[in-house]
Amino acid sequence: MKKLMKTFIPMLLILSLLLTACGDKTTTNKESADSGAAEGKKSLKIGMVTDLGSINDKSFNQSAWEALQKLNNVYGYDVKYLEPKSDGEVMPSLLTFVKGNYDLTWATAFTLADAVTQLANENPDAKFGIVDSDIIVPNVAAVSFKEQEGSFLVGVIAGLTTKTNKIGFVGGMKIPVIKRFEAGFREGIKAVNPDAKLIVNYTGVFNRVDVGKSAAATIYNDGADIIFHAAGLTGNGVFNEAKERKTNGENVWVIGVDKDQSLSFGDDITLTSMIKKVDEAVYQISRDLAEGNFPGGKVTTMGLKENGVDIAPTSIKNVTPEALKKVEEYRQKIISGEIVVPTE
């Protein structure tokens, strides 16, 4: 027995040492993995300045902010936004991030292009991103969309769905990006229903829900049964007006913009939405910066071919299969270049 114990005890000691060594190795590997994860999550500071609309516009500002929130969740980036309430607050808002040594400052609208251009030239070491602009400045990554292509597709849907042959368009400011929405929508309607009349109303603002509601009321009163809006927060008023009329038994529809707005306003009034993938563009360019591939001095243009615009996947709830089939026919014609959608 004593001989057995003499053999057993050293074996236990050896086993203990081996387990301890393995434990140390496991701990070391975990620490190494955590260290690698921390390196992968090197925190960039990214700021965002909206147009004069709200971050909760259920449209392009919200879409851009959701991209930055995703960067925060996935990579631990420090992200922040500012909402100018007047033109006079735009420059100070952008400067807040420049002076705060942010790695990248996003501006989410064409209307901020002049301010971004000036600050980028004055601060060549700062980096900017801008949505809906084609400015070319060495330290600015610009993103432009072929809104006319996605709008053509929802125009096809509107033209094949209308019962009154009167269709409305509510735009924000009469600027090139919104004119592209109108032009594509008009051409899509014309392609499938040349007898339909398009009623256009530019509100002049992107941040007035009451003005959007009033514009929609005027168009519905003129006999339109479908309205497509490209008006940011103002467009929420179009949905409000449609919801009231739907409750009163009127068969009216809204076509949303930028995001799938049926998720915010419901399938009962949202016929479809023209998706503009601002979130994907903001996310990817921000990641390009982190990887040392910031596309400064370039304009990234996204259309149907680049998967930058589309119709909402929830369109199948209210759009007929026949209309969706026609949408696919025109999608392929646009992608192939057989159809070139006008921009104005």
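This is a predicted model: local features need pLDDT of at least 70, side-chain atom pairs count only at pLDDT 80 or more; totals for chains, interfaces and linings use all residues.

Reader: How many helices and strands does the protein chain have?

Author: The protein chain has eleven helices and twelve strands. Of its 344 residues, 51% count as buried. Sequence separation is a further property to read: among contacts between residues at least 6 apart in sequence, 71% join residues at least 24 apart.

Reader: Which residues of the largest nonpolar core touch the most other members?

Author: The largest nonpolar core has 83 residues, and those touching the most other members are Ile 46, Leu 68, Trp 106, Ile 178, Phe 181, Phe 185 and Phe 228. Helix α2, residues 60-75, gives the most to this core, with seven residues. There is also a second, separate core of 16 residues, which includes Ala 216, Ala 224, Ala 231 and Val 238.

Reader: What does Phe 228 touch, not counting residues up to four places away in sequence?

Author: With those residues not counted, the contacts of Phe 228 include Phe 181 and Phe 185, which are also listed with Phe 228 among the core residues that touch the most other members.

Reader: Let us turn to helix pairs. At what angle do the axes of α5 and α6 cross?

Author: The axes of helix α5 (residues 147-161) and α6 come within 6 Å and cross at roughly 40°. An angle between 35 and 65 degrees counts as oblique, and α5 and α6 are therefore oblique to each other. Their crossing is right-handed. On the α5 side, the residues making the contact include Ser 151, Phe 152, Val 154 and Gly 155; on the α6 side they include Phe 181, Gly 184, Phe 185 and Gly 188. By class, the residues of this contact divide into eleven nonpolar, six polar and three charged.

Reader: How do the axes of α3 and α4 cross?

Author: Helix α3 (residues 90-99) and helix α4 (residues 113-122) have axes that come within 10 Å and cross at roughly 40°. That makes α3 oblique to α4. The crossing of α3 with α4 is right-handed. From α3, the residues Val 90, Met 91, Leu 94 and Leu 95 meet Ala 115, Val 116, Gln 118 and Leu 119 of α4. The contact of α3 with α4 has seven nonpolar residues, one polar residue and no charged residues.

Reader: Next, single residues. Is Ala 67 buried or exposed?

Author: Burial is read from relative accessibility, and a residue under 20% counts as buried. Ala 67, in helix α2, has 3% relative accessibility and therefore counts as buried. Ala 67 and Glu 280 are 213 residues apart in sequence and 6.9 Å apart in space, C-alpha to C-alpha. Leaving aside neighbours within four places in sequence, Ala 67 is in contact with Asp 279, Val 282 and Tyr 283.

Reader: What is the relative accessible area of Lys 179?

Author: Lys 179 has a relative accessible area of 25% and is partly exposed. Lys 179 lies in helix α6, residues 176-192. In sequence, Lys 179 and Pro 342 are 163 residues apart, while their C-alpha atoms are 10.0 Å apart. Not counting residues up to four places away, Lys 179 touches Lys 174, Tyr 202 and Thr 343.

Reader: And where does Glu 83 lie?

Author: Glu 83 lies in the loop between β2 (78-82) and α3. Glu 83 is partly exposed, with a relative accessible area of 23%. Glu 83 and Met 48 are 35 residues apart along the chain, and their C-alpha atoms are separated by 8.7 Å. Beyond residues up to four places away in sequence, Glu 83 touches Thr 50, Gly 53, Ser 54, Ile 55, Asn 56 and Glu 89.

Reader: Finally, what is the phi of Asn 101, and what is the phi of Asp 258?

Author: Most residues other than glycine have a negative phi. Asn 101, although not a glycine, has a positive phi of about 60°. Asn 101 is found in the loop between α3 and β3 (104-107) and counts as exposed at 63% relative accessibility. Asp 258 also has a positive phi, near 70°. Asp 258 is found in strand β9, residues 253-258, and is buried, with a relative accessible area of 5%.

Note on methods. Residues are numbered from 1 along each chain as its sequence is written. Side-chain values use heavy atoms; hydrogens and water are left out. A nonpolar core is a set of buried Ala, Val, Leu, Ile, Met, Phe, Trp, Tyr and Cys residues joined through side-chain atoms within 4.5 Å. Buried means under 20% relative accessible area, exposed over 50%, partly exposed in between (1.4 Å probe, protein chains only). Helices (H or I, at least four residues) and strands (E, at least two) are DSSP runs, numbered from the N terminus. Contact means heavy atoms within 4.5 Å. Axes are lines fitted to C-alpha atoms, for helices over the stretch in contact, and angles run from 0 to 180 degrees between N-to-C directions. Angles under 35 degrees count as roughly parallel, over 145 as roughly antiparallel, 65 to 115 as roughly perpendicular and the rest as oblique. A crossing is left-handed if the near helix is turned anticlockwise from the far one by less than a right angle, and right-handed if clockwise. Ala, Val, Leu, Ile, Met, Phe, Trp, Tyr, Cys and Pro count as nonpolar, Asp, Glu, Lys and Arg as charged, and the others, Gly among them, as polar.
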